[in-house]
Amino acid sequence: MLNDKRYLVLEDGSVYEGYKLGADGECPGEVVFNTSMSGIQEIISDNSYTDQIITFSYPLIGSSGFNTEDSESLLPTTSGVVVREAVEHPSNFRSVENLDTYLKRHKIVGISGIDTRSITKKIRNNGVMKGQITDSSDHEETVEALKSHEFSSDQVARVSTKTPYISTGRGHRVALIDFGKKENIVRSLNQRGCDVTVLPHDSTAKTIMQMKPDGVMLSNGPGNPEDVTEAIGMLKELIGQVPIFGICLGHQLIALAGGASTYKMKFGHRGANQSVKNIALDKVEITSQNHGYAVDAESLKNTDFEMTHIAINDDTVEGIKHKSAPVFSVQYHPEAAAGPHESSYLYDQFIDLMTTKEDI
Amino acid sequence: MPKRKDINTILVIGSGPIIIGQAAEFDYAGTQACLSLKEEGYRVILVNSNPATIMTDQEIADVVYIEPLTPDFLSRIIRKEQPDALLPTLGGQVGLNMAVELDRLGVLRENDVELLGTKLDSIKQAEDRDLFRNLMNDMGVPVPESDIINTIDEAYGFVETVGYPFIVRPAFTMGGTGGGICYNEEDLKEVVANGLKYSPVSQCLLEKSIAGFKEIEYEVMMDSNDNAIVVCNMENIDPVGIHTGDSIVVAPSQTMTDKEHQMLRDVSLSIIRKLEIEGGCNVQLALDPHSFDYYIIEVNPRVSRSSALASKATGYPIAKLAAKIAVGMTLDEMINPVTNTSFAAFEPTIDYVVSKIPRFPFDKFEKGERTLGTQMKATGEVMAIGRTYEESLLKAIRSLEYGVHHLGLPNGDDHSLEYLIHSIKAQSDERLFFIGEAIRRGVTLEEIHDWTKIDFYFLNKFKHIIDIERALKENPGSVDYLKWAKKFGFSDRVIGHRWEMSEDEVFKIRREEGIMPVYKMVDTCAAEFESNTPYFYGTYETENESLPSDKEKILVLGSGPIRIGQGIEFDYATVHAVWAIQEAGYEAIIVNNNPETVSTDFSISDKLYFEPLTHEDVMNIVHNENPKGVVVQFGGQTAINLADRLSENGVQILGTSLDDIDRAEDRKRFEALLQEIKVPQPHGKTATNEDEALANARHIGFPVLVRPSYVLGGRAMEIVYDESELKNYMRNAVKASPEHPVLIDSYLTGKEIEVDAICDGENVIIPGIMEHIERAGVHSGDSMAVYPPVNLSQDEIDMLVDYTERLAKGLNIIGIINIQFVLSKAGIFVLEVNPRSSRTVPFLSKITEVPMARLAMHAILGTNLADSGFPPGLQLEKDGYYVKAPVFSFSKLKNVDITLGPEMKSTGEVMGKDKTLNKALYKSLVASGLDVKDHGTALFTIADKDKDEAVELAKRFSQCGYRILSTSGTADALKKAGIPVVIVDKVGEGDNTLLRSIQNGNVQIVVNTMTKGKEVERDGFRIRRESVENGVPCLTSLDTARTLIEVIESMTFNMNEM
């Protein structure tokens, strides 16, 4: 009944004792928190969490289990998972396994029995920090190793598709640039009839335009947008040529290509209850979010972009559009999974844009 | 959008008396709403007939009307006050029904009153089954196959196409009154007929039963700018088929993936948008456990019991914001009052698990039918918060105060496995405990699932609890296992039981090992935003967020779940005590576990601990806060019962000392006191066994009043007329022992008088004296009470005041005291003394404007009452007459005998007030739901001992124009007195039985008094139940009947010759 011990060590020296969960091993990562109460499978399998350790503030993780349909990527790249309780006996008609076996299968290290609320508060107050889940009880050594650990800047390259592939449809031809895309982006486009070609992150403007796409979609992805230099160059060429819709990292890349800047947030937005105001409609959408970087609102001032959506609680930029070209993007996830569906109108907007090729 | 400036005065309708299906949650919602509207500068007019509420305090609204909630009285208020708008969505089903009626009568139009919040069409669309079904069909939202029927024949037609089983839901009723499931033709006849009777429009929805589906609820809100959010979703552990009010509920839902959650969220939001509800709305859905198929069950276009639960579960104050939305404000411009750092347009997310367990009245109604179904039966509920599911469940269980402390019954071993299985299959209210016991005996989860359709997720959690029990047993004294068990909510008591140790010994180990709970904040946002909500729950983790302040603190213990005998009155007193503590400059900390109440609104106290009211849980809080003392006087017996052990553990109990409380409750010591202060009491003795009881009763002389010591609400109290009855009582009703003796008193007939007083040890303030309508022997909670007394001489009043002062001083009362006297031929005797706040405190406070609970609390904190502004002694009599009338929920409780007696049976109360006594009585009767008619048919079935008295009453009914019906025995007596009477057949004799007359609607009032003897008793029971089931008032006390005829006489003309 009492499981083997395991530790979560943070770079500030704090140590949390818990129990073994998932795979064995030691993966350092950036410790972030997510406040969602559902969609655990979608979250863990979201490649935007590459090199990150997800702390779930909600305590019962995996109560509806893991199934064969809801993963957002086939190969999750999340570094680690911190939970209060890993539900041993989940229940749902589609469930095939529990959190522990899912993590083991995907070689993700986990720890349970942790006061995740206290970690959430620590991150809220001090910002995200490096951490490691470990079986070693030499915590000083772990802290030293963490302090000197540098995360690589090639996360996008690690999770993007290496070769193009097609997800067929009979409607608009969409080039989806994969920076670590969630599967539901492809599904959302397919559902609207789009013929989707998924392209590697480093595709050039030329290759993309050779496809003669009706529109280009930029996916979400991990890491610092400034590291994804090829894509920024590609976008500088592409803006104005073809309708473009960006999500999350894709949104940040559009902003950078347009001359704005991005910055790293203290602890980001990760959850399924983030309130965003659509400025034109003066209406609030509850959105699903997962980002640690944001577009600097001030930096938009001297660009061709304007803000369309704003986070009501901290006034950060949640959406922008080009003043004349058919380009728009949002920081959050209109494809949901996990999260509310009410922003899916943005996909419809993208379809309209490809249909009329006019300004939105 | 800013608030509307074109309206100034808003009328708010409350929900009236507490009944099953409509409890304290509407006091919470209404209070929040009124304060919220006042905060925005509106003039608020409140109408509610229930005096025991915070919302009817003068501070809550600008004008408070304690008047009957009928279209007639509301119309008068509207015509007088000319409000600009009416907000009907905060007073439960009563509020909505009133709005519909006032519209139908044209009152709203004539007086130019706008309906706020929910449009009338939307109310109708959500409430009228046919319109609702059409709306859902239009939206493409699935609803179970169903049909609206108005006759039994139509029900047969439905069965032909859809088949059994099906559910019956009467239109426009609350808490599913009169509903049920039909499995066969027999059920059809009974349940459909019942449903048609209870529906004010004689309409029922028959619906294909989807029993076994998961029942999921969404609490949604929307503003005028189309911003819509989900505040909370909840999963009923009991699948569809058991009323959600009777279900064990967990938040957030546990067994849905995000796909199902978002699917149901989408449909819930589309419904609130379609109905254009500006405010809160509750959507109940059924989800197939094996697919994505779902159905909409029901939509409540108003705040509800579930929204109160959702507010307490998340911290998000739905009613407060719904009121602001109703006056045009939008969610994106309002600050989230919980965080104060983020906006209200936001979906709360929680980082804990919440369990709600209903509280049933079957400890009082042992013969009541305990099978749960679509008719709600619970009187109240408890909620508990934990970081594990097991913790939240076990904390909720020990909050129930059933004598259960864990997942099992204390005497679980006594039951045979067959009995356990039977009770689980029968969906009895105790099945959770039976399931625990069954798992303990090795019954497989598959079997239990087959019987109950409870999801395996929860069954596995239950099993986990049993597994921990076993591990504890195998590892006695193990600190590791102790830590483990505490994380899953095990109490020291239960751990001690497994370790064969006392609770205190376990606590000692915990203290030594530093295994103490930490307290976490409820903040709506899972710590994402900085928050300062003073709302906490305990759990076993690392970080404690509830850091004590430097201020001196007073801990107030609340009264737990609403049950018969301990209702909303105690929450009223608790809240007032908190206010007084704050006025006196202390920090007021409250501990309570009832999610319905005002006291568990975190904005009431300086700090709220949402925790079980057990010794262990309270001691843990004491250790964290180190308060100056604990107040136990206001939380009913729940709080009083904790006092002894708290005190033993060095906690200072404030107010009347424990020793003096004991002197009031210990029979022998109380007798000694009465002798010393020369206050007489009926002759009485205690007995610890049957022989002693018989000897004592013979000595005192029959009839005697018997009851166990230390009880609330007259539980197990009976009037016993002879030795065989006494034997029966001693064998079956009580477990007498030297620690728990039985009290045997001479039963004196006479007027019952009730007095509440406040004392600081020297000065005694008596706000007023109340006279009961029903003679002594009817529980004071079930009696009508009149202020001021109308049949007392000045000498008698002087003597009552004198006795009250002697008792208060003699018992060294610091705080409040409640005394019941009987005024018999032999003089005034004291029947009972309660050294604590009583049921009548809010009633009397409202009449006399003496803030009793507040004054008492100030006295407890050391204020000299001489400085209170109120003179000592009996206060000057107020003008007018004030009547408290009890309200019962018998129609919702099958097989419960409604005869009034020493055991309390009412669930709530109303107040009627006016310049004359008869008008006040009339209002109280009407407010209690009795339709006072000036003519009709009255059925008299009277016990021999009461015949003389009844004849006189029957005569008066007859003279007012009532037709009198009776069976042969009573008819003889009536005929002799010259009263025209129609004879009907007795139960089981002939075709024209009195039961048939009641069923046919040919009787408007039944007067029935109890006859002893097996067969007659059973017949009487059937008459009384038949009345209840047919909605015919049944009076079992001739005193009540006399009052009614006096009222009728005063409102009609007498046809006597002059």
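Trainee: Which residues cover the two faces of S19(B)?

Mentor: On one side sit B:Lys553, B:Leu555 and B:Leu557, and on the other B:Ile554 and B:Val556, all of them buried. Keep in mind that this is a predicted model.

Trainee: Which strand do five bridges join to S19(B)?

Mentor: That's S20(B), residues 587–592, and the two run parallel. For a landmark, look at B:Leu557, which stands opposite B:Val591 in S20(B).

Trainee: And which strand has three bridges to S19(B)?

Mentor: S22(B), residues 629–631, which also runs parallel to S19(B). There you'll find B:Val556 opposite B:Val631.

Trainee: What sort of unit do S19(B), H20 and S20(B) make?

Mentor: A right-handed β-α-β unit, with the helix H20 spanning residues 568–583 of chain B.

Trainee: Switching to helices: how many residues of H10(B) are buried?

Mentor: Ten of the ten, residues 305–314, so H10(B) is largely enclosed by the rest of the structure.

Trainee: What follows H10(B)?

Mentor: B:Gly315, with a positive phi near 90 degrees.

Trainee: Let's zoom out. How many helices and strands does chain B have?

Mentor: There are 35 helices and 39 strands in chain B. Its radius of gyration is 28 Å, close to the 31 Å from the globule rule for 1058 residues, so chain B is as compact as a globular protein of that length. Along the principal axes, its C-alpha trace spans about 75 × 70 × 65 Å.

Trainee: What share of chain B is buried?

Mentor: Buried residues are 61% of the 1058. Among chain B contacts with a separation of 6 or more, 70% come from residues 24 or more positions apart.

Trainee: How is chain B divided into domains?

Mentor: Domain 1 is 9–121, domain 2 is 145–208, domain 3 is 214–348, domain 4 is 531–654, domain 5 is 662–886 and domain 6 is 931–1051. The centres of domains 2 and 5 of chain B are 47 Å apart, over C-alpha atoms.

Trainee: How many residues does each chain bring to the contact between A and B?

Mentor: Chain B brings 49 residues and chain A brings 43. Helices H9 (258–275), H16 (456–474) and H17 (479–487) of chain B each supply at least two residues of chain B's side. H9(B) gives the most, with six residues. By class, that side of chain B has 19 nonpolar, 14 polar and 16 charged residues.

Trainee: And how is chain A divided?

Mentor: Into domain 1 (5–148) and domain 2 (155–356). The centres of these two domains of chain A are 27 Å apart, over C-alpha atoms. Their contact takes 22 residues from domain 1 and 24 residues from domain 2 of chain A.

Note on methods:
Residues numbered from 1 in each chain as written. Chains lettered and ligands numbered in written order. Predicted model: local features only at pLDDT ≥ 70, side-chain atom pairs only at ≥ 80, totals over all residues. Contact = placed C-beta atoms within 7 Å. Helix = DSSP H or I, 4+ residues; strand = E, 2+ residues; numbered from the N terminus. Nonpolar A, V, L, I, M, F, W, Y, C, P; charged D, E, K, R; others polar. Buried ≥ 20, exposed ≤ 12 C-beta atoms within 10 Å, placed from the backbone. Pairing = 2+ DSSP bridges. Right-handed = clockwise from strand over helix to strand, strands pointing away. Domains from an automatic or database assignment. Rg over C-alpha atoms; globule rule 2.2 N^0.38 Å.
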